[in-house]
Amino acid sequence: MLSIDNILETNRMIHDNKLDVRTITMGISLLGCTAVDGKTLCNRIYDHITKEAEHLVATGEAIEREFGVPIINKRVAVTPISLVAAGSDLTNYVSVAKALDRAAKTVGVNFIGGFSALVSKGYTEGDRRLIASIPEALATTDIVCSSVGIGSTKAGINMDAVAQMGEIVKETAALTAHQDALGCAKLVIFCNPVEDNPFMAGAFHGVTEGDTTISVGVSGPGVVKHALEAVRGKSFDEVAETIKRTAFKITRVGQLVAQEASRRLNKKFGIIDLSLAPTPAVGDSVAHVLEEMGITSCGAHGTTAALALLNDAVKKGGLMASSHVGGLSGAFIPVSEDRGMIDAVAVGSLSLDKLEAMTCVCSVGLDMIAVPGDTSAATISAIIADEAAIGMINNKTTAVRLVPVPGKTVGEMVEFGGLLGYCPIIEVSPFSAEEFIKRGGRIPAPIRSLTN
Amino acid sequence: MKIVVTVVGVDRVGIIARVAAVLAKNEVNIVSINQTILDGMFNMIMMCETDDKNSLALVQQELAGEGESLGVQIQAQHADIFVSMHRVG
């Protein structure tokens, strides 16, 4: 029997601590849509997505109403387009991105991911065309997200791709300069990308997945912070236990929503992603969880240890609450999407270097960070290489989503709007890595890749 | 279908009667009623049951309307969210 305290606790989490389900993401395989004629390909993609995801938004909204828990986003992730379009006569994939955009708008989702290529070891012709199309695709569509996998623990790092992605990020920024380089907020560069990530901008539906799956990303940094307020001054043993218990409860809600969505839509349940995802709203910040542990301002010494504990405890608590855990699963630290991180950059406690250290112990990487518009392509590539090296050596996913804002410099504010948030521009090292990036080739797979 | 109805607000005459009337009209059976004062606010929880074919959305809508005229917040939720969160097995 449920007690009155149980019911009030759940509703307090939802109303006061901003517990929500961050996203229901439908992964759709487009492998059956291939065609030689580009127009036919685009039509098939549009038709297939609008058929599969027709009821996604309405079902999500019905679940939201019935259970009384907000489901913030409904999204679609598709097979990497570099594979789907490879056999077509298209030399540029912008028309495919536009078909994705139209389909996503027709079904009413707020983002569609999968304008992607996986080039950890090398490029195919399809990969080349896709990557070259990214700047224009992101500038001429509204809700298409793009990602490129440039390295993995098994394959090493494709430094040609790293060098090219620096240029692509700059081009995307230039083409969307009138929107403070918003295009870059929809582009993620991965090491060890995962095939079942429900979160944007890096979601795509991997080729090892089935036809159509439902995955759910939970949230709830506000709930964790509230729970930690009750153990102020207590030892880390108690802090870890408190986070685990809270993560369990949060994940149970995600599991329920995923099961319901999967049943009602008659699609297979994929995974629950245990990530603690913040929003710019007050009371929904991962940085504030770290500060609740005793760090004065996020980024101060001790932050990495606090984040390591948080990330691990969230996984341990969430794991038992769900039948299938996957995706990125950890604490996210997207700067512009987290009120505490934004404030920490503004007061000068959080630097790019500290963020890089933090990415060693959490998911996912240098995320939603605005840098000066005059940052060179080679410097962006070097940042990508550093981050990829952390992922490759530590056998984890790392990503870079940097926004070099044209015409703006350190300290100025950038506003992306909505969940993408806002943030002050952060300083990058003024010392050049141009010669390093120019070398090209591959950084070999590390010794730890030889596990057989 | 098990439903949990939560009423939060300033106490006044007739809350239970009017909420119960809406539930009865929609063929929702009240299994138990609990109430407490938390942070100076009146909190009431009703555990209810209704046939699966009945529309929860309609009950929610009517209760929300009644809550507005009573000056309290009334929420009706599928009980599974609480069971999932607080019960293992």
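Modeller: Read from the N terminus, the elements of chain B follow the order β-α-β-β-α-β-α. Chain B therefore holds 3 helices and 4 strands, in a model that is predicted. The radius of gyration of chain B is 13 Å, close to the 12 Å that the globule rule gives for 89 residues, so chain B is as compact as a globular protein of that length. The C-alpha trace of chain B spans about 35 × 30 × 20 Å along its principal axes.

The strands of chain B may be taken next. An open sheet of 4 strands is found in chain B, in the order β2-β3-β1-β4 and with antiparallel pairing. As background, strands of a sheet pair through backbone hydrogen bonds, and they may do this in a parallel or an antiparallel manner. At the edges of the sheet in chain B stand β2 (29–38) and β4 (72–78); each has a single partner strand, so one side of each is left without a neighbour in the sheet. From one strand to the next, the twist averages 15 degrees.

One pairing in this sheet can be followed to a particular pair of residues. Strand β1 of chain B, residues 2–9, runs antiparallel to β4(B), and 7 bridges join the two. Val5(B) has Ala76(B), in β4(B), as its bridge partner.

A helix accompanies the sheet. Helix α1 of chain B, residues 15–25, lies across β1, β2, β3 (41–49) and β4 of chain B. The direction of this helix is at about 150 degrees to β1(B).

Two figures describe chain B as a whole. Of its 89 residues, 30% count as buried. Among the contacts in chain B with a separation of 6 or more, 64% are between residues 24 or more positions apart.

There remains the contact between the chains. Chain A contributes 17 residues to this contact, and chain B contributes 20 residues. On the side of chain A that touches chain B, at least two residues are supplied by each of α1 (4–15), α3 (56–67) and α9 (236–265) of chain A. The most comes from α1(A), which gives 6 residues to that side. By type, the residues of the side of chain A that touches chain B divide into 8 nonpolar, 5 polar and 4 charged.

Terms used: Residues are numbered from 1 along each chain as its sequence is written. Chains are lettered from A and ligands numbered from 1 in the order in which they are written. This is a predicted model: local features need pLDDT of at least 70, side-chain atom pairs count only at pLDDT 80 or more; totals for chains, interfaces and linings use all residues. Two strands pair if DSSP finds at least two bridges between them. Axes are lines fitted to C-alpha atoms, for helices over the stretch in contact, and angles run from 0 to 180 degrees between N-to-C directions. Two residues are in contact if their C-beta atoms, placed from the backbone, lie within 7 Å. The radius of gyration is taken over C-alpha atoms; the globule rule is 2.2 Å times the number of residues to the power 0.38. A residue is buried if 20 or more other C-beta atoms lie within 10 Å of its own, exposed if 12 or fewer, and partly exposed in between; C-beta atoms are placed from the backbone. Ala, Val, Leu, Ile, Met, Phe, Trp, Tyr, Cys and Pro count as nonpolar, Asp, Glu, Lys and Arg as charged, and the others, Gly among them, as polar.
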